[in-house]
Amino acid sequence: MKKKLLLIGGGHAHMVTLSNLGRFIEKGYDVTVIQPSEYHYYSGMGPGMLGGTYHPDDIRFATRKVVEHQGGTFVHDKAKEIDPDKQIVRLEDSEQELSYDVLSCNAGSYVPRDVISTTSPDIFTSKPIESLLDAQKKILELSRERSVHIAVIGGGPSSVEIAGNVQQLCQRQATHQPRITIYAGEKLLIGKAEKIGRLAHASLTKRGVEIVEGTFVSKIEPGEIHLKKGEIHPADIIFPAVGVKPSQIFANSNLPIGSDGGLLVNRFLQSTKHPNIFGGGDCIYFEPQPLDKVGVYAVRENPILYSNLMASLEGGELQEFNPGGDYLLIYNLGDDKGVFCKRSLIFSGGLAFRIKDYIDRKFIKKFQAMEKDIPE
Ligand SMILES: Cc1cc2nc3c(=O)[nH]c(=O)nc-3n(C[C@H](O)[C@H](O)[C@H](O)COP(=O)(O)OP(=O)(O)OC[C@H]3O[C@@H](n4cnc5c(N)ncnc54)[C@H](O)[C@@H]3O)c2cc1C
């Protein structure tokens, strides 16, 4: 019987594996990819899509098309649980159990909903990235009739990028301009170099975004933000951007996990207990050193994951993942402006955004090139 390679999620760390799926098939392996969407969205460009800079087609990778064209099987569902002893994965929307010889997990992360006490349709998280499209539609729809209040909860990078791009969207496309407030917790971009916070703060407030610091949100109700200090603020549209946690699959499975619930992996990106399970991106906890939840690491993990999956099937030698040193981050502030941060080199403005735009477009085009050659 053919050996089976099963991929959970076609995220940033699986891009090289997905592009080379045909090589596994040529060698006689059966390959299946589980993903809840037929497309994978490049998160680095998600806020830009919200702001109207990018069309959804500019920022997504046609996972189903690429998998099926190379002879793999695409399962449109969510992995719910892994049984490492039986070597099967259970799904959320189907009773089907998928078996594997080698499993690789790149299911990303989610925004915790602890403070959200409602499933109101006017609450939009930044993960999955697709929900930013729904948010865009809703904002433009409401802003046709009146000026709305848009609340962004959290003071981190995704909060800054969402608020800045909502401002851009409305300035360019809305009939009535909204009031936009960031509820930043203690301080905007706390924990980053002081200059980054200062530049982002200045750019946003200059464009009318209010920033509330020194207090936390305790609860989100339909149409309301409750602050710890007791105030209640009305809000028409709410973006909880309170950081991310690894996919819950591993906490639901009998697998070793890290302190954040991510799949615990060794230096080969391999489960510390089950040598036939691998993982990359936001859903892992890298045992040698905890890694920031940034796409940079997922991207760097690509070639190692591809090589180790092949080696694991073929009986070859595994390669070590070296996370590398400092990385470049550029925040998209909207209005075609950004903040560029690499070690002590920090600056904001149009050039920062243009560099980010160039890098991001180049990255996604590299992987989209393959799908363009596939006939409809
Ligand atoms: C708004 C925003 C902007 C960001 N900008 C940047 C940036 O500019 N630069 C940077 O380095 N980082 C950025 N990040 C961080 C970056 O998004 C993550 O680190 C990166 O997405 C991690 O990649 P991933 O492949 O692990 O996860 P994801 O990109 O989330 O991909 C996971 C994939 O798995 C699928 N999936 C999810 N659950 C399941 C399941 N149960 N079963 C099967 N499939 C599943 C999803 O559909 C998705 O395709 C940003 C994050 C946000 C929220």
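This is a predicted model: local features need pLDDT of at least 70, side-chain atom pairs count only at pLDDT 80 or more; totals for chains, interfaces and linings use all residues.
Taken along the principal axes, the C-alpha atoms fill a box of roughly 60 × 45 × 40 Å. The secondary structure amounts to 10 helices and 24 strands, and 44% of the residues count as buried. Among contacts with a separation of 6 or more, 65% are made by residues 24 or more positions apart.

The largest nonpolar core contains 102 residues, of which I153, A200 and V339 touch the most other members. Both domain 1 and domain 2 contribute at least three residues each to this core. When neighbours within four places in sequence are left aside, the contacts of V339 include I196, L199 and A200, together with I330, Y331 and L333, and also I346, S348 and A352.

Around the ligand, a shell of 36 residues is found, and those that come nearest are G9, G11, S43, G108 and G281. Two or more residues of this shell are supplied by each of β2 (30-35), α3 (46-50), α7 (157-173) and α9 (295-314), with α9 giving the largest share, 3 residues. By residue class, the shell divides into 18 polar, 13 nonpolar and 5 charged residues.

Beyond residues up to four places away in sequence, P36 touches D77 and K78, while its C-alpha atom is separated by 9.8 Å from that of I8, a residue 28 positions away along the chain. Apart from neighbours within four places in sequence, S218 is in contact with V115, H226, L227 and K228; between S218 and G230, which are 12 residues apart in sequence, the C-alpha to C-alpha distance is 8.9 Å.

Several backbone features in loops were also noted. The peptide bond from K127 to P128 is cis, with omega near -5°, and P128 is situated in the loop between β10 (109-110) and α6 (131-143). L189, although a residue other than glycine, has a positive phi near 55° and lies in the loop between β12 (179-183) and α8 (194-206). A positive phi is likewise found at L269, which is not a glycine and for which the value is about 60°; L269 occupies the loop between β19 (263-265) and β20 (277-279). With a threshold of 20 or more C-beta atoms within 10 Å for burial, L189 counts as buried because it has 22 such neighbours, and L269 counts as buried because it has 27.

Notes: Residues are numbered from 1 along each chain as its sequence is written. A nonpolar core is a set of buried Ala, Val, Leu, Ile, Met, Phe, Trp, Tyr and Cys residues joined through C-beta atoms within 7 Å. A residue is buried if 20 or more other C-beta atoms lie within 10 Å of its own, exposed if 12 or fewer, and partly exposed in between; C-beta atoms are placed from the backbone. Domain bounds come from an automatic or database domain assignment. Two residues are in contact if their C-beta atoms, placed from the backbone, lie within 7 Å. A residue is near a molecule or strand if its C-beta atom, placed from the backbone, lies within 6 Å of it. Helices (H or I, at least four residues) and strands (E, at least two) are DSSP runs, numbered from the N terminus. Ala, Val, Leu, Ile, Met, Phe, Trp, Tyr, Cys and Pro count as nonpolar, Asp, Glu, Lys and Arg as charged, and the others, Gly among them, as polar.
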